[in-house]
Amino acid sequence: MIGILLLQLSCRDRVVDPRPKIQESFVGSFATRSPPEVALREERPGEACRGYKARLQKDGQDEGAWAGLLTVSARTTCLNREEGDALALWAATRDAKIWAGARAEWFAFKGEEEAARALLSAASADARLRVGMRLGDGDLIVDAAEDVLIQTPGNLMACRTIVNQLMQRADLFAALEEARCGGVGAPDLQRLTGVALDLAGMTDDAEKIFRDGKASVHLATLLYQENPTPERLEEARKLLTEDAMPPARLHQGWMALLGQGPPPALDTLGDNPDSQLVRAALRFSELSDEELDALANGPGAAPLLLQARIAAAKGKKSLALAALKQAREREPHFEPVLRGGIGVMLELKEDPAPWLADWKARDPDHVRLRGPRDRREIVWSALVPWTWAELSRRNPKIPSEFPQPEGKDAVGDAWRTAMALPDRNARLDALAILLHQEPSLHELAGFRYRMEAGLPLLEDAKAQSSP
């Protein structure tokens, strides 16, 4: 691709200015309510396209407007491919300060990565952000988004990008800070704020955010999963019924599995892994052998635990035991997997003693930092219908309460070492490293947030190293 660019430069005298021909296609009025730069920054590329065309109808030599038009065309339908290619080729000999970003975005849009990257050093931060997103380059995305916010505080795209990246890293405190986005009140950032607060264990605050922002599915999820009183369940059912999108149908399915409402029509659930899991759980004994086998392809331990339950109910003992083994390998520190696995083993008339012994050898701090919760899209109380008390009544060798592990491992050691550091900032740094290495430690993410925010630490006495 670099060779092509050099060829273009060597042939610059033969490149025909395509602008007059392109401008001939600008027919009609292109009035807009705001300047195209503002429309582009505020994620209204269609309006930006009309705005640049209106500007060029008045001054066909405005190179900034032409560069803006190429930029818009990399984000939405504006110029066609032939026009964009001709303009990008002609602009190769023009001022890089004006054209580098637009050309980089155009090449990234076309999938020409090498050509796009070659222009990044001269491109604007906003263009670098868009190219990074096109190319899926996480480091480029974050660096560019940070530069965008320095230049234009409150840029929604940059805020969304950084918040999403921080959420993926479970850096909840930083995510909440960035979600303020200079005071810009964007609904999606408000929802992300609620999600971050929920992950931090601040469920009441999250519920208020969702209620104020009319985030009906997020609100309904908390209503039926946290303190599910009759009044809250009724409100959740109403909110989900009024929303026609697949996420609402997903949670209708979970509520049905909990015995808290009618099931949705199966064809409304969507095709993502969470929806496939709910659909399989609703059908349970109706699954074909092929569909039952396919559950193992889903992510995490949940589909394997469901596969084990269904296989046990169908008398497929070897499949059930294999699924349980895989579930434990994926989530060895997650209490619902242990409890659900023992429940299935009792149905299979298998001895759960080896599982209990393995659990006993786990590190209690590791187990606690993993926590009993998962994503809101996975409702373990529906997947694992047994309490410890119920399991104990079926087999007296099983404890009637959560069995406390007593071992030690590297995660627990790292936690205890971090908490023994005398300096708060040093502790935070050590916990950040641990969370980066072990992103599934949901309770650690919440603990770290509360520490950074200066909030009371939940069960502070237990938060120190275990004996």
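The following exercises, each with a worked solution, concern a predicted model.

**Exercise 1. Determine how helix α11 compares with its expected length, and which of its residues are buried.**

Solution. Helix α11 runs over residues 156-168 and contains 13 residues. From its first C-alpha to its last it reaches 18 Å, close to the 18 Å expected at 1.5 Å a residue. As to cover, ten of the 13 residues of α11 are buried, and the helix is thus mostly covered. Among these buried residues are Leu-156, Met-157, Ile-162, Val-163 and Leu-166, together with Thr-161 and Gln-165.

**Exercise 2. Identify the members of the negative surface patch and the helix that gives the most to it.**

Solution. The patch is formed by Asp-139, Asp-143, Glu-146 and Glu-178. Helix α10, residues 138-151, gives the most, with three residues. Asp-139 is found in this helix, α10. Membership of a patch requires over 30% relative accessible area; Asp-139 has 58% and is exposed.

**Exercise 3. For the salt bridges Arg-117 with Asp-137, Glu-235 with Arg-211, and Glu-335 with Arg-339, state where the partners lie and how accessible they are.**

1. In the bridge between Arg-117 and Asp-137, the closest N and O atoms are 3.1 Å apart. This pair links distant parts of the chain, with Arg-117 in helix α8 and Asp-137 in the loop between α9 and α10, 20 residues apart. Arg-117 is partly exposed, at 33% relative accessible area.

2. Glu-235 and Arg-211 meet at 2.7 Å, N to O. Because Glu-235 lies in helix α16 and Arg-211 in helix α14, the pair ties together parts 24 residues apart in sequence. Glu-235 is partly exposed at 27%, and Arg-211 is partly exposed at 36%.

3. Glu-335 and Arg-339 also meet at 2.7 Å, N to O. They are four residues apart in helix α22, so about one helical turn separates them. Buried means under 20% relative accessible area; Glu-335, at 12%, is therefore buried, and Arg-339, at 15%, is buried.

**Exercise 4. State how many salt bridges are counted, and which residues are linked in a network.**

Solution. The count comes to 41 salt bridges. A network of salt bridges links Asp-198, Glu-226, Arg-373, Arg-376 and Glu-443.

Key. Residues are numbered from 1 along each chain as its sequence is written. This is a predicted model: local features need pLDDT of at least 70, side-chain atom pairs count only at pLDDT 80 or more; totals for chains, interfaces and linings use all residues. Side-chain values use heavy atoms; hydrogens and water are left out. Patches are made of residues with over 30% relative accessible area and no salt bridge: like charges are joined within 9 Å, nonpolar side chains (Val, Leu, Ile, Met, Phe, Trp, Tyr) within 5 Å. Accessible areas come from the Shrake-Rupley method with a 1.4 Å probe; for residues, only the protein chains shown count as cover. A salt bridge is a side-chain nitrogen of Lys or Arg within 4 Å of a carboxyl oxygen of Asp or Glu. Lys and Arg count as positive and Asp and Glu as negative; His and the chain ends are not counted. The place of a charge is taken as NZ of Lys, CZ of Arg, CG of Asp or CD of Glu. Helices (H or I, at least four residues) and strands (E, at least two) are DSSP runs, numbered from the N terminus. Buried means under 20% relative accessible area, exposed over 50%, partly exposed in between (1.4 Å probe, protein chains only). The expected span of a helix is 1.5 Å times one less than its number of residues.
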